Amino acid sequence: MNRLDHLLVLTLATYGLCYILMYGSVFNKPRNFLMKKFGWFRRLITCPLCTGFWCGLAFSPFHLVPLQTSKSEWWGSLTMIFPFACYSAIMCYTLHLVTEILLNKAYPCFSDKHKSENRDGDGI
């Protein structure tokens, strides 16, 4: 797998994690508990840019492996952590906007339900 393929796979994996953390029913209970308990967590988890950055930070070690061609290049690889997290934030935000547009076109009632749930904080 070349570097571009690797980046594409990591981008999709990062967006998948971001989407699951924000909207996945698997995380409904812990997400709602943390959103009620901590106000900063609500702002963090409902923002695709913020969640995408932290997901990118979590996935950055997987991005560093193909960049490292020798043991002496570890510093050059470490300097790619922050740029990959920023890239991930931008891509998660962009893919989130595209997903929202497509969902609103395909399911017009989805946008009304989604907006009311975000306001109430009971289900995301």
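Here are a few questions and answers about the model.

Modeller: Quick note: this is a predicted model, where local features need pLDDT of at least 70, side-chain atom pairs count only at pLDDT 80 or more, and totals for chains, interfaces and linings use all residues. Residues are numbered from 1 along each chain as its sequence is written, and side-chain values use heavy atoms, leaving out hydrogens and water.

Colleague: Is Thr 11 buried or exposed?

Modeller: Buried means under 20% relative accessible area, exposed over 50%, and partly exposed in between (1.4 Å probe, protein chains only). Thr 11 has a relative accessible area of 7%, so Thr 11 is buried.

Colleague: Which residues does Thr 11 touch, not counting those up to four places away in sequence?

Modeller: Contact means heavy atoms within 4.5 Å. Leaving out residues up to four places away in sequence, Thr 11 touches Tyr 87, Met 91 and Leu 95.

Colleague: What kind of aromatic pair do Phe 53 and Phe 82 form?

Modeller: Rings of Phe, Tyr and Trp (its six-membered ring) pair if their centres lie within 6.5 Å; planes under 30 degrees apart are stacked, over 60 edge-to-face, the rest tilted. A search of the whole structure finds seven aromatic pairs. One of them, Trp 40 with Phe 41, has centres 6.0 Å apart and planes at 85°. For Phe 53 and Phe 82 the centres are 6.0 Å apart and the planes at 70°, so that pair is edge-to-face.
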